[in-house]
Amino acid sequence: MMLRIEHLNKSFGSKNVLNDLNLKVNDSSIFGLVGINGAGKSTLLRLIAGVYEADGGTILLNEHNTYLNPECRAEIAFVPDEAYYPLGATVGSLKLLYETMYHFSEEAYQKYLKLFDLDEKMSVANLSKGMKRRVSLLFALALKPKLILLDEAYDGLEPLARLRFKKALSELIEDEGISVIISSHNLRELEDICDSFGILEGGRIVSYGDLLESKEMINKYQLAFTDEKTKDDFKDFDLLHFEAEGRVIRLVVRGNTEDVMAKLNEMKPVLVDVLPVSFEELFIYELESRGEGHE
Amino acid sequence: MNKNYLKYLFKNYRIGLVFYAVLFLCIAGTPFIGSNNPGGSHSAAIEIMLAMSFAMTFVMPVILFAFVHRRRSADLFLALPISRKDQLLTNLLFALIVVVGIFCLGNLIMWIPAAAYVSFTDVMRMCGAAILCFTSLILIHSAWYLIANNIFDGVVMIGAWSAIPLLLYFTISEFTSSMIAGRSGGNLFEISMSLSPLAMSVRNLFSINDISNGGVVPAYFVLILLWGVIGALGVWKHFVRRKSERAEQLSDDPLAYPLIINFYALFILIAIACAAVSERSFELISIYLSLLFIYVVAQFVYRRKIKVSVKTLVTFGAMSLAALIFALAAFNTQGFGLAQRYTIDDNTHLHISYNAMVYRDDLSRLVARKYPLDGDIVWINMDLFIPVKDYEADEPLNSVLEKTRQNGIAYFYSDERGADINCVIDFNNCDHNRQKYSNDYYYALNEAISLEDLKVIDSSPFSQITLQTYEDDRTWTLKQWLERNGD
């Protein structure tokens, strides 16, 4: 197990942000961290990166505490939502910090410099937001880390850069067995790249696992009946969402598709249609079922 | 200490470092240009280098610890693979190399042309003292900077904390001069100095360079070291144990704005209240309103919000009232009894001087200041310079002067205080050659010393009483005066 978080607590003053959070992220995995605004995603990433000190609990990267053991932070590349660039910095001048403090790979640096269409002489202050993101990602990749933390850093990349970054990540995962944790609001993008996910809510990971398996376990069902039905008629299902329009019912149900279909057919519907859910829908329905969702 | 991080700091700041070192040496070397007094030029060069190094003890903490005050830079620098302790030690080492290293290097270079006039031991003595003073100052300035949660507040904190000894000096001076009869300040300057590591360092380092700057006070080195320890504890608490999430927040640490604003307000209010009570002048509404305005603006700066809260007004009102009660209590208890504390050092001399403008036909009758200066007036000057033991053995003399001193105390706390007359008596301890003075007690009087008492004083071999007439500008001894007037 590469990253293991146990009973993590973090408060800002009287506000409890993370509350007894537990999480495991495997090697060679891209983990999508999602949650509503203020759920604590950035806080969690800063805690993993060793920027914040936890009030309680442990964060272990290959069994080393990331806050107490600074050496293991050399294995972590943290790309925050808004990266810091010193006044007058050029892409080349930023290299100094990384090459003196991390296991910096000049070869990888040159490779990704070309991949992201960047030049060492470029002044960072004059770059667009998307180009600045590329600079941050360039250094994250050039450090050859074991764990990359991307705090909304994936958002804002234009499609070609995103594609290149995805390719670079895939290579690193394949060759080095690295893990990546991406927090993002763009769930469609995450769906393309992540193999596992965690939904952060109320300071805890309320749902997590393999993305594909989870998506397979949640489906949308569209049914038509000869008579009108109410939500109570479906109380035996693990219902995440219910919507009735006359005799047409739309449900989102958690459970094995075959088992759910069998139970639904017992209700003698005129029509049954099964549709897969997207990651975005999965997120919305999960939160909705917990009373935090968006209509 | 982390070698990689130190290497990074050197590489990152190399241009600034080289620029500062060259500028430092060039400016320091200017006194030697066209000079034919290498000894004097060396001393002037050291003064320049000291001034620049003192300035750098303020600048370096701001440069090196600014990253904790910005969320984005905190994300970068606090995620580095280096412990907070090592990061702190490396930053401090780098600051020391810049400040102390360049100062000592400059010291050695400037010594070369003055080697015939300045001993190498003196150079080493200066370097040793500079290491102690600058290390302590960097530590304490860093601690003050780190109390805050953003860069602007950090700079304000360094300034505000540095100026506290000055504020205390101002307030205590006002308190003693308004509330304690006879106290004109005494050792206040020394007390304020001991609260300021900067002032003590300035005094001692400049005195090592040139004895005419007041002389080195060895005790100050101990206090500077103590301040260094306090600074080290401060940076440990506010950097190593710092919660990174403080970046860009309001500077609400108990030692930041909450203390600074109220501390400054309270001490200024005490000074105002002391002045008001002492002068019997309670028409200070405009001063109070101005101070309230400054207090409210300071709260705006602290909270980054233009909103006057009831709490702010109530706190200010409560502090004003407390200061006024304090001043009234102090005045009505004769400065909490301090007016009766009269210290004379047994091993020294006593110097008592008395001056009064009186009528020539009655030396105990004081003349109002606005009275026209004509033939009616005479100035009495008394100068008594006596070993303390002799003074204490001379009962009649002692009795007369103590009576006069008590008159001065009574007048200080009376409603007549501030009358338009010229009559003062000053008691001082001093050494045998009247170089070093201490225990200064200064009293205004509303009653001149009577002729009988003047005769008692004049009978002492240590005393000299002279009278100066205004009309012919002649000076007489008391004996001559009495003989002339047939007394």
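This text describes two interfaces in a predicted model: that between chain A and chain B, and that between two domains of chain B.

The contact between the chains draws on 26 residues of chain A and 27 residues of chain B. About 2,400 Å² is buried between chain A and chain B, with carbon and sulfur atoms giving 57% of that area. On the side of chain A, the greatest losses of area to chain B fall on Tyr84(A), Leu97(A) and Met101(A), which together make up 28% of what that side buries.

Polar contact links 11 residue pairs between the two chains, both residues being at pLDDT 80 or more. Strand S1 (3–12), helix H1 (41–49) and helix H2 (91–101) of chain A each supply at least two residues of the side that touches chain B, and H2(A) gives the most, with 5 residues. By class, the residues on this side of chain A comprise 16 nonpolar, 3 polar and 7 charged.

Within chain B, the assignment gives domain 1 (3–168 + 194–247), domain 2 (259–338) and domain 3 (343–484). The C-alpha centres of domain 2 and domain 3 of chain B are 39 Å apart, and each of these domains contributes 6 residues to their contact. Between them they bury about 460 Å², 43% of it on carbon and sulfur atoms. Arg280(B), Phe331(B) and Gln334(B) supply 79% of the area that domain 2 buries against domain 3. Across this interface there are 0 salt bridges and 0 residue pairs in polar contact, counting pairs with both residues at pLDDT 80 or more.

Definitions and conventions. Residues are numbered from 1 along each chain as its sequence is written. Chains are lettered from A and ligands numbered from 1 in the order in which they are written. This is a predicted model: local features need pLDDT of at least 70, side-chain atom pairs count only at pLDDT 80 or more; totals for chains, interfaces and linings use all residues. Side-chain values use heavy atoms; hydrogens and water are left out. Contact means heavy atoms within 4.5 Å. Buried area is the accessible area (1.4 Å probe) that two parts lose on being put together, summed over both. A polar contact is a pair of N or O atoms within 3.5 Å; within protein, one must be able to donate a hydrogen and the other to accept it, and residues adjacent in sequence count only if both atoms are side-chain atoms. Helices (H or I, at least four residues) and strands (E, at least two) are DSSP runs, numbered from the N terminus. Ala, Val, Leu, Ile, Met, Phe, Trp, Tyr, Cys and Pro count as nonpolar, Asp, Glu, Lys and Arg as charged, and the others, Gly among them, as polar. Domain bounds come from an automatic or database domain assignment. A salt bridge is a side-chain nitrogen of Lys or Arg within 4 Å of a carboxyl oxygen of Asp or Glu.
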